[in-house]
Amino acid sequence: PRRSHGAATAQPRRSTAKRHVCGTMAIRLDHPTGTPHRQAYFDGICEVLDVRRAESKPPPWVGFTESNVCQCCSAEFSWHSTSRTGAQKCRDKHNCRCCGMLVCDPCSLQRRTLPKLGLNTPVRVCDQCFFSAAAVM
């Protein structure tokens with residue numbers, strides 16, 4: 001008969017220890033040692049845990065359909081692109097991870113860590129947030 005991870009750990013079904021063991025086993029089985037994706041997968045899990053433990057919740061993001069102009073510079077999306085298709089306009093829209101505004105690519109070239117939000121690797125932020133001292137604190 002097959003034994004599950006739960007039987008091997010002798011932990012209650014909802015135990016956090018069991019989830020850790022199952023998660024660790026899944027990483028080991030799905031991503032054998034030496035594969036380049038194993039570290040990226042592990043880093044992604046760590047990032048999710050950091051965000052869940054953060055002292056502040058992320059701001060609500062402005063939806064792509066809610067604005068046709070950049071909320072930072074007021075320019076129409078795709079002004080800097082050679083294509084004016086609807087698909088290109090969607091590719092040219094970005095949400096600032098700090099304030100949630102919908103901004104164009106030239107207004108969101110900067111990256112910064114946002115420890116209050118649990119984002120400890122540099123992420124896309126708009127120029128206003130990048131140059132604002134309040135965004136760091």
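A: A term to start with: helices are DSSP runs of at least four residues, numbered from the N terminus. On that numbering, Cys46 sits in helix H3. Bear in mind that the model is predicted.

Q: Is Cys46 buried, exposed or partly exposed?
A: Partly exposed, with a relative accessible area of 28%.

Q: How far is Cys46 from Asn120 in space, and in sequence?
A: The C-alpha atoms of Cys46 and Asn120 are 10.0 Å apart. In sequence, 74 residues separate Cys46 from Asn120.

Q: Back up a bit. What is the overall make-up?
A: The protein has 5 helices and 4 strands. Along the sequence the order is α-α-α-α-β-β-β-β-α.

Q: And how much of the protein is buried?
A: Of its 137 residues, 28% count as buried.

Q: What about confidence?
A: The average pLDDT is 76. A score of at least 70 is reached by 61% of the residues.

Q: Where does pLDDT stay under 50?
A: Over residues 1-9. The model has 7 contacts for that stretch beyond four places in sequence. Where pLDDT is low, predicted coordinates should not be read in detail.

Q: OK, charges next. How many salt bridges does a search of the whole structure find?
A: It finds 1. The side chains of Asp105 and Arg124 meet there, at 3.3 Å from N to O.

Q: What does the pair tie together?
A: Asp105 is in the loop between strand E2 (102-104) and strand E3 (110-114), while Arg124 is in strand E4 (residues 119-125), so the bridge links parts that are 19 residues apart in sequence.

Q: Are those two residues buried or exposed?
A: Asp105 is partly exposed at 24% relative accessible area. Arg124 counts as buried at 15%. The cut-off for buried is under 20%, and Arg124 falls on the buried side because its value is 15%.

Q: Which residues is Cys107 in contact with, leaving aside neighbours within four places in sequence?
A: Cys70, Cys72, Cys73, Val125, Cys126 and Asp127.

Q: How far apart in space are Cys107 and Cys70?
A: 8.2 Å, C-alpha to C-alpha. They are 37 residues apart in sequence.

Q: Where does Thr65 lie?
A: In the loop between helix H3 (36-53) and helix H4 (86-91). Thr65 counts as exposed, at 80% relative accessibility.

Q: And how far is Thr65 from Leu102?
A: Their C-alpha atoms are separated by 9.9 Å. Along the chain they are 37 residues apart.

Q: Surface now. Which residues make a nonpolar patch?
A: Tyr41, Ile45 and Leu49 make one of about 220 Å². Leu49 is in helix H3 and counts as partly exposed, at 33% relative accessibility.

Q: Last topic, aromatics. How many pairs does the count come to?
A: The count comes to 1 aromatic pair. Phe130 and Phe131 form it, edge-to-face. The centres are 5.0 Å apart, with 85 degrees between the planes.

Notes. Residues are numbered from 1 along each chain as its sequence is written. Side-chain values use heavy atoms; hydrogens and water are left out. A salt bridge is a side-chain nitrogen of Lys or Arg within 4 Å of a carboxyl oxygen of Asp or Glu. Helices (H or I, at least four residues) and strands (E, at least two) are DSSP runs, numbered from the N terminus. Buried means under 20% relative accessible area, exposed over 50%, partly exposed in between (1.4 Å probe, protein chains only). Patches are made of residues with over 30% relative accessible area and no salt bridge: like charges are joined within 9 Å, nonpolar side chains (Val, Leu, Ile, Met, Phe, Trp, Tyr) within 5 Å. Accessible areas come from the Shrake-Rupley method with a 1.4 Å probe; for residues, only the protein chains shown count as cover. pLDDT is the predictor's confidence in each residue, from 0 to 100. Contact means heavy atoms within 4.5 Å. Rings of Phe, Tyr and Trp (its six-membered ring) pair if their centres lie within 6.5 Å; planes under 30 degrees apart count as stacked, over 60 as edge-to-face and the rest as tilted.
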